Amino acid sequence: MNKKLFILSSIFLLLKLYSKSSTSSRELIQPLINIQSQGKGNKEAIEAWPEISQLPPSAIPELLSAMNHANNLGDNWIRAALNKICEQNIKKIPTQEIVNFLKDHSNQGDARHMAFQIIQSYQSLKAKKLIPTFIDDPAPVLRREAVEMVLDQARKTEKEEVKIKLYRKALQKAREVDQIKEASNQLEEAGQEINLTQLMGFLMNWHTIGPFDNTERKGFSIDYSPESNGDLNRKHEGVDGIISWKEFSSTDELGLLDINQQYGEMKEVCAYAQTTFNSKTEQPAHFRIGSKNAWKMWVNGKLLFARDEYHRGKTRIDQFIIEGKLQKGENQILLKICQNEQTQSWTKQWEFNFRITDPSGSAIHSSNLISK
Amino acid sequence: MKYSYLFFILLCPSLVLSADWLNFRGPQGNGGTSISSITQLSIENKNSWKSELPGRGLSSPILVNGQIFLTASSGPKQETLHILSFSQDNGNLIWDRKFKATGRTICHDKTCVAAPTMVSDGRVVIAQFSSNDIFCLDLKGDLVWLRGLTHDFPNAANGLGMSSSPVISNNVLVAQVENDADSFTTGINLNTGETIWKNIRPKGANWTSPVLLGKGNEQKVALQSLKGISMINPSTGKESWNYQEGASTIPSSTPAGDILLVPSNGLTALKSLPDGHSHTQVWQDNKLGPGTGSPVISGDRFLVINKANVLTCAKIKTGEILWRMRVQGPASGSPVATASHLYFFNEDGLGQIIKLGETEGKVVSTIDLGETILCTPALAQSALFLRSDKHLWKISQD
């Protein structure tokens with residue numbers, strides 16, 4: 001009886017101790033989760049970090065879990081603590097618990113990637129075995145690792161048939177532009193037909209209206225009438241008088257829409273491009289625009305982002321990735337693309353590309369192919 | 001217990017050694033140094049070494065208390081930011097701290113996310129990246145604080161990449177984050193990472209770095225932009241005086257005592273007046289405009305390399321040109337100099353050591369690193385340190 005009581009008491013004590021330790025760890029980490037913009041919360045984080053960085057390796061899963069709740073700044077604070085704890089406890093890292101964290105897709109992608117990086121740093125063979133399991137991972141950064149492995153196999157194989165099969169697999173699974181381009185280029189060189197437009201989900205069919213005045217780049221900030229009324233039948237007053245919406249499509253494989261083709265090579269002007277995107281469900285989405293011109297983007301009347309910069313580099317695919325959401329049914333996408341006064345040959349372009357993906361990078365296709 | 005660490009860092013006396021090279025372009029921020037000339041530099045010497053780097057970078061090494069600090073960026077989108085410490089003696093990696101970029105990492109192919117050079121006050125080191133992430137670490141590599149200025153201000157970015165190297169003055173970190181869309185300079189408390197002040201700055205891409213003029217509590221910071229120069233008090237951000245005749249957005253100004261050499265209308269020498277709130281123009285010469293690298297000081301002379309790879313030596317006080325010679329360019333980094341020699345690396349990795357005579361300059365030796373070099377070297381008592389995208393070198397004279 002006494003023995004049973006002793007065992008029960010011991011278990012109770014251990015549980016209590018564990019609970020206390022766990023609670024205090026969470027409390028200790030909280031300042032890193034609370035970090036805000038402009039240095040707010042820095043003092044508390046500065047106080048807490050040295051103690052957090054001395055936590056035992058058993059706290060690693062909890063720190064990874066804390067990354068789920070932290071913003072990008074808090075993520076970096078926690079990352080620094082994790083790296084220090086791992087460095088000091090190389091032989092005591094709880095690998096299996098970290099692998100479990102990594103495999104749990106309910107954890108955030110960046111936190112899972114950090115878990116993978118820890119395994120990669122201290123148990124590289126185990127990490128290598130895990131990589132193929134990321135091939136359909138919702139976290140682009142992990143999925144990329146698996147696609148890279150397939151691409152690497154394709155690069156190395158001598159057999160044409162196997163090479164094509166591997167590049168096909170890489171193209172199907174890849175979500176990042178450089179990997180998609182490599183696989184599609186190799187397949188095209190091998191005589192395979194690839195529909196990159198469909199694969200990447202570029203929006204090819206738009207209506208545009210313009211030009212509007214952008215003298216001294218002031219038009220970027222002027223709310224011209226298409227911003228408040230998207231009716232495609234309505235006429236507006238532009239630089240050259242009354243103007244109306246006109247259909248505008250791209251035939252470029254990578255969805256480039258060259259506005260110069262619509263209005264001629266003009267300077268100090270703006271144009272609007274509008275399309276309607278049908279979504280089967282309400283869903284989170286990444287709105288991905290590429291443009292070397294200044295631009296604004298509205299989705300369903302809400303301004304998502306504006307970028308007042310001209311010709312700093314080329315137009316790239318996925319140059320800006322803006323998080324937002326699609327509503328079920330019709331979504332109105334409105335872009336304002338501005339051209340400035342520069343006259344150098346590398347400033348002629350007045351263009352954009354645009355696609356919508358889910359957070360994992362998979363293209364979302366509109367259920368209508370032609371805009372209203 | 002919690003505060004003790006912070007206080008230890010903050011109260012710890014500075015361990016700056018006379019041979020330390022704490023920031024971009026050295027102790028005076030002008031590429032010059034009082035170190036004796038070193039002329040027998042060779043990668044074959046027994047104390048020379050070459051260490052591999054984990055990522056790309058244009059940033060220069062800084063030298064603090066026997067350590068070398070350097071940044072690099074790696075990953076398919078350069079999203080991994082490295083802050084590295086190496087031993088000056090043998091090039092061994094002491095630590096590699098990795099962070100995630102929270103700002104934009106797209107850059108022109110020639111540059112990269114690890115473009116700005118680190119800065120130190122001898123107690124802590126600060127690393128700023130093109131993503132506008134800023135990290136303050138102690139010399140052991142422990143995080144003191146961090147900031148994400150593009151996280152705070154999402155339009156603070158340059159599609160070609162940013163490269164301005166921050167400075168420390170009166171316990172304030174001054175970081176220029178100047179671009180077309182959301183252009184500002186901010187003063188950050190070196191102890192806490194909190195913003196002390198933030199000044200809206202002229203819109204326009206700007207790759208220049210702030211420089212310090214004067215000493216102690218009277219020290220001012222010169223901010224350069226396409227509009228000209230704004231001389232500010234680092235503690236408050238308030239402007240003491242300005243110069244509005246425009247300036248370059250690539251080569252930075254060079255302080256020389258109480259004179260500031262500004263890449264404007266060629267080159268313009270400005271001098272703060274004793275009241276501290278006004279300035280005078282000492283001279284201006286449109287034949288002295290620098291190319292990509294900034295002017296460098298050597299004693300009472302300065303040197304500029306123009307876009308045509310012509311090196312010009314002139315007097316600081318008058319702008320009088322003493323001599324000219326052609327060097328093998330092109331170069332992206334700035335040269336560094338002792339009282340008698342100039343050390344200059346072109347983009348092909350060819351180092352040229354030039355003896356600075358009274359009436360002529362003469363190449364006395366060359367060093368071929370065989371890799372693209374875009375950074376500005378750091379000088380120590382008997383060696384020169386520099387990096388490529390792949391390697392860090394110590395080129396020793398013994």
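B:Asn309 is placed in the loop between strand S23 (301–305) and strand S24 (310–315) of chain B. Helices (H or I, at least four residues) and strands (E, at least two) are DSSP runs, numbered from the N terminus. The model is predicted: local features need pLDDT of at least 70, side-chain atom pairs count only at pLDDT 80 or more, and totals for chains, interfaces and linings use all residues. Residues are numbered from 1 along each chain as its sequence is written, while chains are lettered from A and ligands numbered from 1 in the order in which they are written.

Most residues other than glycine have a negative phi, and most peptide bonds are trans. B:Asn309, a residue other than glycine, has a positive phi near 65 degrees. B:Asn309 counts as partly exposed because 15 C-beta neighbours lie inside 10 Å. A residue is buried if 20 or more other C-beta atoms lie within 10 Å of its own, exposed if 12 or fewer, and partly exposed in between, with C-beta atoms placed from the backbone. A:His311 is not a glycine either, and its phi is positive at about 55 degrees. This residue lies in the loop between S9 and strand S10 (320–326) of chain A. A:His311 is buried, since 21 other C-beta atoms are found within 10 Å.

Cis peptide bonds were also examined. In chain A, the bond from A:Gly210 to A:Pro211 is cis, with omega near 0 degrees, and A:Pro211 belongs to strand S1 (residues 205–213). In chain B, a cis bond with omega of about -5 degrees joins B:Gly329 and B:Pro330. B:Pro330 is placed in the loop between strand S25 (321–326) and strand S26 (336–337) of chain B.

Strands of a sheet pair through backbone hydrogen bonds, either parallel or antiparallel. Two strands are taken as paired if DSSP finds at least two bridges between them. In chain A, 6 strands make up an open sheet in the order S4-S1-S6-S11-S8-S9, with antiparallel pairing. Strand S4 (246–249) and S9 stand at the edges of this sheet with a single partner strand each, so one side of each has no neighbour in the sheet. On average, neighbouring strands of the sheet are turned by 25 degrees against each other, direction ignored. Strand S8 (residues 294–299) and strand S9 (residues 302–307) of chain A run antiparallel and are joined by 5 bridges. A:Trp298 stands opposite A:Leu303 in S9(A), and A:Met297 has A:Phe305 as its bridge partner. The two strands form a hairpin with 2 residues between them, and A:Asn300 in the turn has a positive phi of about 50 degrees.

In chain B, strand S3 (residues 67–74) is mostly covered, with 7 of its 8 residues buried. Strand S2 (residues 62–64) runs antiparallel to S3(B) and is joined to it by 3 bridges; B:Leu63 stands opposite B:Ile68. The hairpin of S2(B) and S3(B) has 2 residues between the strands, and B:Asn65 takes a positive phi near 50 degrees there. S3(B) is also joined by 8 bridges to strand S4 (residues 80–87) of chain B, again in an antiparallel arrangement. B:Phe69 has B:Ser85 in S4(B) as its bridge partner. S3(B) and S4(B) form a hairpin with 5 residues between them, in which B:Gly75 of the turn has a positive phi of about 100 degrees.

Helix packing was examined in chain A. Helix H8 (residues 140–156) and helix H9 (residues 160–173) pack at an angle of about 165 degrees, their axes 8 Å apart. H8(A) is therefore roughly antiparallel to H9(A). Axes are lines fitted to C-alpha atoms, for helices over the stretch in contact, and angles run from 0 to 180 degrees between N-to-C directions. Angles under 35 degrees count as roughly parallel, over 145 as roughly antiparallel, 65 to 115 as roughly perpendicular and the rest as oblique.

Finally, 32 residues of chain A are in contact (C-beta atoms, placed from the backbone, within 7 Å) with 32 residues of chain B. Helix H2 (42–52) and helix H4 (72–88) of chain A each supply at least two residues of the side that touches chain B. H4(A) gives the most, with 9 residues.

Technical notes: Contact = placed C-beta atoms within 7 Å.
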